[in-house]
Amino acid sequence: WSSLAVGGSVNATRLQYGQHWMIGGTAFVDANFTWRYGIEGETNWEVLRQVENTHATTYLVGPRFQMAGLGQNAQWRPYVKFLAGDGYFNFPYHYAWGNYFVMAPGAGIDYRVNSRVRLRLLDAEYQYWPTFTYGSMTNLSVSAGVRYRIR
């Protein structure tokens, strides 16, 4: 690996089911083959602001493409990604739950503080749950946090 980084962020997700915003956390790992191409894995927990115990969790992984840096010393690093994986959904009052296939194209921008730390200023995903119980579901998720390069 060219580099390996871990991070965490606070996120807000607009669930189509129930049409409300939920707050949660994200943990992610970025493994880069080169400075431009890599893989990202992330887990999102949407647990705050639940309505009748309705919540969602996603476990996603996929390719990530980092664009050339912007600004003096390339401090601004935009990227795009396409993640896919499992989405766990808990229905109201714990009456039922399910695991579903999720696809999530996204983009964001990091700000380089130093050689190891970057602030994840914005990460946005459009989550598509094509096999959801009541027909396909789409959610919008945005987050901000910090990223630490291990190697």
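This is a predicted model: local features need pLDDT of at least 70, side-chain atom pairs count only at pLDDT 80 or more; totals for chains, interfaces and linings use all residues.
Biologist: How many helices and how many strands does the protein have?

Modeller: Read along the sequence, the pattern is β-β-β-β-β-β-β-β. The count is therefore 0 helices and 8 strands.

Biologist: Which radius of gyration does the protein have, and does it agree or disagree with that of a compact globule?

Modeller: The C-alpha trace spans about 50 × 25 × 25 Å along its principal axes. For 151 residues, a compact globule would have a radius of gyration near 15 Å. The value for the protein agrees with this: 16 Å.

Biologist: What share of the accessible surface belongs to carbon and sulfur atoms?

Modeller: Buried residues make up 40% of the 151 residues. The accessible surface of the protein comes to about 7500 Å². The share of that surface belonging to carbon and sulfur atoms is 64%.

Biologist: Which strand gives the largest share of the nonpolar patch?

Modeller: The patch on the surface is formed by Leu70, Trp76, Val113, Leu119, Leu121, Leu122 and Val146, with about 570 Å² of accessible area together. The largest share is 3 residues, and these come from strand E7 (residues 117-129).

Biologist: What is the phi of Gln19?

Modeller: Most residues other than glycine have a negative phi. Gln19 lies in the loop between strand E1 (3-15) and strand E2 (20-32), and it is partly exposed at 45% relative accessibility. Its phi is positive although it is not a glycine, near 50 degrees.

Biologist: Where is Arg49 found, and is Arg49 buried or exposed?

Modeller: Arg49 is not a glycine, yet it has a positive phi of about 70 degrees. Arg49 is found in strand E3 (residues 37-51). Because its relative accessible area of 54% is over 50%, Arg49 is exposed.

Biologist: Which residues does Asn53 touch, not counting those up to four places away in sequence?

Modeller: Asn53 is found in the loop between E3 and strand E4 (54-66) and is partly exposed, with a relative accessible area of 33%. Asn53 and Met67 are 14 residues apart in sequence, yet 40 Å apart in space, C-alpha to C-alpha. The residues that Asn53 touches are Asn90, Phe91, Tyr93 and His94.

Notes
Residues are numbered from 1 along each chain as its sequence is written. Side-chain values use heavy atoms; hydrogens and water are left out. Helices (H or I, at least four residues) and strands (E, at least two) are DSSP runs, numbered from the N terminus. Buried means under 20% relative accessible area, exposed over 50%, partly exposed in between (1.4 Å probe, protein chains only). Contact means heavy atoms within 4.5 Å. Patches are made of residues with over 30% relative accessible area and no salt bridge: like charges are joined within 9 Å, nonpolar side chains (Val, Leu, Ile, Met, Phe, Trp, Tyr) within 5 Å. Accessible areas come from the Shrake-Rupley method with a 1.4 Å probe; for residues, only the protein chains shown count as cover. A salt bridge is a side-chain nitrogen of Lys or Arg within 4 Å of a carboxyl oxygen of Asp or Glu. The radius of gyration is taken over C-alpha atoms; the globule rule is 2.2 Å times the number of residues to the power 0.38.
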